[in-house]
Amino acid sequence: MKFLRILLFPVSIIYSIVTSVRNYLFDIGVLKSYSFNIPIIAVGNLSVGGTGKTPQIEYLIRLLTPNYKIATLSRGYKRKSEGFVLADSSSNAEILGDEPFQIHQKFPNIHVAVDANRKNGIEQLLKLDDKPEVILLDDAFQHRKVKAGFYILLSSYDDLYYNDFILPTGNLRESRSGAKRAHVIIVTKCPKDISELAQEKIKQKINLNIPIFFSYIDYDDKVYSQNDFINVSEIKLKDKLLIAGIAKPEPFFAYLQVEKNVKLVYPDHHHFSEKDIEEIKNKANNKLIITTEKDYVRLKSWNLKSLYYLPIKSSFISKSDDFNQTILNYVGTSTRNR
């Protein structure tokens, strides 16, 4: 695979030119970006997948909901619906996509919408009687048709964008210079004990005059089913089947797995088929089944016995108050200026 990626280097050069020209045309106004009279925060990355966008969106929801009406808007990756869809009591993962449905279930008092056309999605949200006061755009860093008021760029600690190359030789969706559009950068999935020296070296390599924060994935100390929970310390001793269909499942397995456990790995955003469910049942053989929160919203409709999920959240290594105040200042100022 690595050799094939090297062979595709000329394709990467062409792709880099195309995306750079596109960004330049947006920068000079030849291609139009649309602004809206409402605070809009875009969370995204330069690379494909696995930087922790959903936990970061959930962090922002928890931060802002005490004082503002919030809506999230994403394209709803791999959903089976089309156009603008607003989540309601009849929604499921197939209609919304797994991540928006997860957010809808966890935060039923906010608007959760999907639309590949973010401009149309925002317009539809603003037509609601109970319209939002802040919109969070999920995975919209490259969606230049809408101009957000605030951009948060995520880059995973073990796959930092400045060490990467553009697709298909690397994993970048656009050139590294795209990071200049960010108002803050968060280095995600860091070790909890990352040193200040290591943080400083990363800041020097990023070399941008914007705030840079460091976060880690914080796992819950319990796993949950529809009606029950079990302490992680307890389930680590139990025989179980672990299932993950996410971009980078290694930390999930490392947190829960012991040597005798069986694990099944599926592609990110995988739609489980009857054949998959039969495989899961055979492998489980009446054991506990533990999966990720994102996979749980797609698996629970299959009525698997003893199915539990492990929640995660994004936590900052330090300076969380600084990050929170940066966001609150942007939203507060934008709201007052409307």
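This is a predicted model: local features need pLDDT of at least 70, side-chain atom pairs count only at pLDDT 80 or more; totals for chains, interfaces and linings use all residues.

Tutor: Lys106 has a relative accessible area of 28%, which means that it counts as partly exposed. Its side chain forms a salt bridge with that of Glu58, with N and O 2.8 Å apart. Glu58 is at 1% relative accessibility and therefore counts as buried. The two residues come from distant parts of the chain, 48 residues apart, with Glu58 in helix H3 and Lys106 in helix H5. The pair also belongs to a network of salt bridges that includes Arg62 and Glu293.

In H3, eleven of the twelve residues are buried, among them Lys53, Thr54, Glu58, Tyr59 and Leu64. The end C-alpha atoms of H3 are 17 Å apart, which agrees with the 16 Å that its twelve residues should span at 1.5 Å a residue. H5 is largely enclosed by the rest of the structure, because seven of its nine residues are buried. These are Asp98, Glu99, Pro100, Phe101, Gln102, Ile103 and His104. They pack against H3, strand E2 (70-74), H4, strand E4 (111-114) and H11.

H3 and H5 each give two or more residues to the lining of the largest pocket, as do strand E8 (212-219), helix H9 (250-256) and helix H11 (293-299). This pocket holds about 1000 Å³ of space. It is lined by 43 residues, and the closest to its centre are Gly50, Thr51, Gly52, Lys189 and Lys294. By class, the lining has 16 nonpolar, ten polar and 17 charged residues.

Lys294 is also part of a salt bridge, with Asp268, the closest N and O atoms being 2.7 Å apart. Lys294 lies in helix H11 and Asp268 in the loop between strand E12 (262-265) and helix H10 (274-284), so the pair ties together parts 26 residues apart in sequence. At 11% relative accessibility Lys294 counts as buried, whereas Asp268, at 23%, counts as partly exposed.

H11 leads on to the second largest pocket, where H11 and helix H4 (93-96) each give two or more residues to the lining. The volume of this pocket is about 260 Å³. Phe101 is one of its lining residues, together with others including Lys80, His271, Val297 and Trp302. The lining divides into five nonpolar, three polar and four charged residues.

Methods: Residues are numbered from 1 along each chain as its sequence is written. Side-chain values use heavy atoms; hydrogens and water are left out. On a 1 Å grid over the protein atoms alone, a cavity is a set of points where a 1.4 Å probe fits but cannot get out, and a pocket is an open set with protein on both sides within 12 Å along at least five of seven lines; lining residues have an atom within 4 Å of a point. Grid points are joined across faces, edges and corners, and a volume is the space filled by probe spheres set on the points. Helices (H or I, at least four residues) and strands (E, at least two) are DSSP runs, numbered from the N terminus. Ala, Val, Leu, Ile, Met, Phe, Trp, Tyr, Cys and Pro count as nonpolar, Asp, Glu, Lys and Arg as charged, and the others, Gly among them, as polar. Buried means under 20% relative accessible area, exposed over 50%, partly exposed in between (1.4 Å probe, protein chains only). Contact means heavy atoms within 4.5 Å. The expected span of a helix is 1.5 Å times one less than its number of residues. A salt bridge is a side-chain nitrogen of Lys or Arg within 4 Å of a carboxyl oxygen of Asp or Glu.
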